[in-house]
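Please examine the chain shown below. The briefing after it is arranged by topic.

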Amino acid sequence: MSITIESTSTTSFADFNLPQPLLDALRDAGIDAPFPIQSATLPDALAGRDVLGRAQTGSGKTLAFGLALLGRLGGGKARSKRPRALVLVPTRELAMQVADSLAPLAKAMGLWCRTAVGGMAFTRQADVLHRGVDLLIATPGRLSDHVRQGTCVLSDVNFVALDEADQMADMGFLPQVREILDLTPPGGQRLLFSATLDGDVKKLVDAYLTDPVEHSVAPATASVDTMDHYVFQVTHQDKQAIVTEIGAREGRTIMFVRTKHHVDRLAERLRAKGVRAGALHGGKTQGQRNRVLADFKDGYTPVLVATDVAARGIHVDDVSLVLHVDPAADHKDYLHRAGRTARAGASGTVVTLVTHDQRRTVRRMTERAGVRARSAVIRPGDGELAEITGAREPSGEPVVERRREPQPRRGNGPRGDRGRNFGAHRQSREGFRPRRNGGSGRGPARRTRD
């Protein structure tokens, strides 16, 4: 295995051997300069090498593997039920985000990009697979279901990308990942991206990648110099009031807690005090999760209360504060939670609330994460709390649940909707993101409803 440590970026995507339709699509979207992980991995990936990319969430990995896959898929045609390329991701949210980024690029190449994730209609996904898919973005569990039901066959998958491999290991997905890889051609190209490449991830690399070249652009510690870290010691009695004051601040805020029950309870308490807060966790249907995220992204709900389901794969512009209401379980979870702010060069603040008995555990965790956090003892209404977080007194007027107009039912639809406009996009650290007044770039696979 050869290892390359990258710190600089190629000047332009035109420097790569990318098909002209991809270059045109990138240029039309105003995307010209690649991020370091893209500059590092694209030459080897486009040349057909197996690649290991070590980089944190938010570093631009989606376009790194996405452009490589689409570039190598050009000129071919998918057979029924037999995708030609596969992107495996650990969560539904990350799958949707990857699809948002790659679907417009796939259309520019005349390729079909679709998703297969849990929480959405199995039969609709099976119908799409039956018609033929060039690039399939899937979670391991749902893809395994399709394989068992005979609605998806992996013998034509010559290109595989594994995104957030360390999280798939942490979530216990590696047995399914191995079963999936065993069904793909052994000589196919494998691209693996992860924040860490040790432990179970290394075993996966050793078993399934051939003479891989490794590119590393970020250490497995916090290195973002536009991110400020704080640890606030609070009492049990004061904690809810402090959380509420922080929730009443201006700007987008993500609050992380450990359990689904706590997410729902905290969101209800915040709304009762006048804070517009949405709840996101794995117990909600995909439709509910999509609506919560849409409200957060468009600014209607400035506070998102979530479990670690939102720690990876959720990109929302301008999240200025991440609040660990419950401390993260370990340093890797801390880093991925914190990575929701200070993205693409923006600044952000990360605050962890600790009670007296949690101080030492959190100190060890932040040290392992490479974080130098300022500590303070905080009470409700403190000037330091307001200065650091923008906390303020909430209105106290309960938030009325938003009424939604019924939307027309939309399915995956026939192939004829390929002609939807590509629209205007820009690159974030995760790939393409729609401009606020531009097109969505979503392919038909994203049009299924719960």
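Predicted model: local features only at pLDDT ≥ 70, side-chain atom pairs only at ≥ 80, totals over all residues.

Residues are numbered from 1 along each chain as its sequence is written, and side-chain values use heavy atoms, with hydrogens and water left out.

**Overall make-up**

- The secondary structure of the chain comes to 15 helices and 17 strands; helices (H or I, at least four residues) and strands (E, at least two) are DSSP runs, numbered from the N terminus.
- Of the 450 residues in the chain, 56% are buried, where buried means under 20% relative accessible area, exposed means over 50%, and partly exposed lies in between (1.4 Å probe, protein chains only).
- Among contacts between residues at least 6 apart in sequence, 78% join residues at least 24 apart; a contact means heavy atoms within 4.5 Å.
- The chain exposes about 18,700 Å², of which carbon and sulfur atoms supply 46%; accessible areas come from the Shrake-Rupley method with a 1.4 Å probe, and for residues only the protein chains shown count as cover.

- Seven strands form an open sheet in the order 11-12-10-13-14-9-15, with parallel pairing.
- Strand 11 and strand 15 (374-377) are the edge strands, each pairing on one side only; two strands pair if DSSP finds at least two bridges between them.
- Neighbouring strands of this sheet are turned by 20 degrees against each other on average, direction ignored; axes are lines fitted to C-alpha atoms, for helices over the stretch in contact, and angles run from 0 to 180 degrees between N-to-C directions.
- Strand 10 and strand 12 run parallel and are joined by four bridges, and Met255 has Val305 in strand 12 as its bridge partner.
- Strand 14 (residues 348-354) contains Thr349, which is buried at a relative accessible area of 13%.
- Leaving aside neighbours within four places in sequence, Thr349 is in contact with Asp228, Tyr230, Ser320, Leu321, Val322, Thr341 and Ile388.

- Helix 12 (residues 286-297) has twelve residues and reaches 16 Å from its first C-alpha to its last, close to the 16 Å expected at 1.5 Å a residue; the expected span is 1.5 Å times one less than the number of residues.
- The buried residues in helix 12 are Gln286, Gly287, Arg289, Val292, Leu293, Asp295 and Phe296.
- These buried residues pack against helix 4 (92-108), strand 10 (252-256), strand 11 (277-280), strand 12 (303-306) and strand 13 (319-324).
- Helix 12 lies across strand 10, strand 11, strand 12 and strand 13, and runs at about 145 degrees to strand 11.

- Strands of a sheet pair through backbone hydrogen bonds, either parallel or antiparallel.
- Strand 7 (residues 189-194) is largely enclosed by the rest of the structure, because six of its six residues are buried.
- Both faces of strand 7 are covered, with Gln189, Leu191 and Phe193 buried on one side and Arg190, Leu192 and Ser194 buried on the other.
- Strand 2 (residues 51-54) pairs with strand 7 in the parallel sense over four bridges, and Arg54 stands opposite Ser194.
- Strand 6 (residues 159-162) also runs parallel to strand 7 and is joined to it by four bridges, with Val160 opposite Arg190.

**Helix 2**

- Nine of the eleven residues of helix 2 (residues 36-46) are buried, so this helix is largely enclosed by the rest of the structure.
- The buried residues of helix 2 are Ile37, Gln38, Ser39, Ala40, Thr41, Leu42, Asp44, Ala45 and Leu46.
- Gly48 follows helix 2 and has a positive phi, near 95 degrees.

**Cysteines and Ala241**

- The count of disulfides comes to zero, a disulfide being a pair of cysteine sulfur atoms within 2.5 Å.
- Cys113 is buried at 5% relative accessibility, and Cys152 is buried at 2%.
- Ala241 lies in helix 10 (residues 236-247) and is partly exposed, with a relative accessible area of 32%.
- Ala241 and Lys273 are 32 residues apart along the chain, and their C-alpha atoms are separated by 9.9 Å.
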